[in-house]
There are 2 protein chains.
Amino acid sequence: MGLTTRKMIAADLPAVREVLVASGAFSDEEVRSALDILDAGLAGEQEDGYWLFVAEADAQVRGYVCISPTPLTTSTWHLYWICVDPGARRCGIGRALQAHAEQFIRARGGERMVLETSGRADYEPSRRFYEQAGYRPAGRIRDYYKPGDDCVFYCKIL
Amino acid sequence: MGLTTRKMIAADLPAVREVLVASGAFSDEEVRSALDILDAGLAGEQEDGYWLFVAEADAQVRGYVCISPTPLTTSTWHLYWICVDPGARRCGIGRALQAHAEQFIRARGGERMVLETSGRADYEPSRRFYEQAGYRPAGRIRDYYKPGDDCVFYCKIL
């Protein structure tokens, strides 16, 4: 399988939207929020805005990642979304997107990546993915998203 | 001393700006960021946007607080800025602003308030203020703001 990663362009939007919905990991509100961020990220190319990258397997967009430098910090970035087509999992697409984002951040002097994810049981595979990728838990807020749905913070030193 | 709290209006901006600069707690970049948020908060009255309140002591604006509902959560709010004129400290202004914000949030069904602050030694009074107000540490990210300047997360159940 030919796997490549590159900057997202407007023409990728329909495929990215499909991946986002198909992933099944996000509520309608989360999908809307992710789409708003895609529009903002594609519209403006600001150093301090959102940066979007896609992964293509066999010339098909199968996942994307959204990162942004964290305001009021010197070298911290946030990982907002990373999303892989459920039909293309276990192919290294998530890892490739992670690696692309980390290289991009390091090249800009970034030194750590922070993310927030759910503590719910059905997010266990996501948390394992992050932990295997070198993220360490940095805190937890109970019932953050909704009752029974904690937020877990992770940080990776780049 | 007559102490009152109320919604911020555009006419408060010059006094709020003075409090923000005089507080000495914020870098130039942080002051600019706070002012941008004030402009955004005063411009739009959106339920999901920033909410701003001031405290007046003897008819003079001496502090303000900025809060916002946290996106993609059902009942979590963030406290972004709370700032008191250094010449009017130890008068209960910070507490009054906290109480006003908490009442406002509770009236809208909010159940917890989250904030991020610095782990630096010179922020010890701020952290003590939050801890005495019922906030509990929920995590820490090393060197988050800059080398030697950790981020500490707090959460208060309302």
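**Inside a two-chain model**

Trainee: In which strand of chain A is A:Lys7 found?

Mentor: Happy to start there! Residues are numbered from 1 along each chain as its sequence is written, while chains are lettered from A and ligands numbered from 1 in the order in which they are written. This is a predicted model, where local features need pLDDT of at least 70 and side-chain atom pairs count only at pLDDT 80 or more, whereas totals for chains, interfaces and linings use all residues. With strands (E, at least two residues) and helices (H or I, at least four) taken as DSSP runs numbered from the N terminus, A:Lys7 belongs to residues 3-7, strand β1.

Trainee: Is A:Lys7 buried, partly exposed or exposed?

Mentor: We count the other C-beta atoms, placed from the backbone, within 10 Å: 20 or more is buried, 12 or fewer is exposed, and in between is partly exposed. A:Lys7 has 13 of them, which makes this residue partly exposed.

Trainee: Which element gives the largest share of the side of chain B that touches chain A?

Mentor: Contact here requires C-beta atoms, placed from the backbone, within 7 Å, and by that test 18 residues of chain B meet 18 of chain A. On chain B, two or more residues come from each of α2 (28-43), β6 (136-146) and β7 (149-157). The largest share, seven residues, belongs to β6(B).

Trainee: How many charged residues does that side of chain B have?

Mentor: Asp, Glu, Lys and Arg count as charged; Ala, Val, Leu, Ile, Met, Phe, Trp, Tyr, Cys and Pro as nonpolar; and the others, Gly among them, as polar. The side of chain B that touches chain A has nine nonpolar and five polar residues, and the charged ones number four.

Trainee: Which residue of β7(B) stands opposite B:Ile141?

Mentor: Strands pair if DSSP finds at least two bridges between them, and β6(B) and β7(B) run antiparallel with six bridges. In their hairpin, with two residues between the strands, B:Gly148 has a positive phi near 85 degrees. The residue opposite B:Ile141 is B:Cys151.

Trainee: Which loop holds B:Leu72?

Mentor: Most residues other than glycine have a negative phi. B:Leu72 has a positive phi of about 65 degrees although it is not a glycine. B:Leu72 is partly exposed, with 17 other C-beta atoms within 10 Å. Its place in chain B is the loop between β3 (60-69) and β4 (76-84).

Trainee: Is B:Arg90 buried or exposed?

Mentor: B:Arg90 also shows a positive phi, of about 60 degrees, without being a glycine. It sits in the loop between β4 and α3 (93-107) of chain B. With 7 C-beta neighbours inside 10 Å, B:Arg90 is exposed.

Trainee: How far apart in space are the C-alpha atoms of A:Gly87 and A:Tyr123?

Mentor: A:Gly87 is in the loop between β4 (76-84) and α3 (93-107) of chain A. A:Gly87 is exposed, with 10 other C-beta atoms within 10 Å. A:Gly87 and A:Tyr123 lie 36 residues apart in sequence, and their C-alpha separation is 18 Å.

Notes. Two residues are in contact if their C-beta atoms, placed from the backbone, lie within 7 Å.
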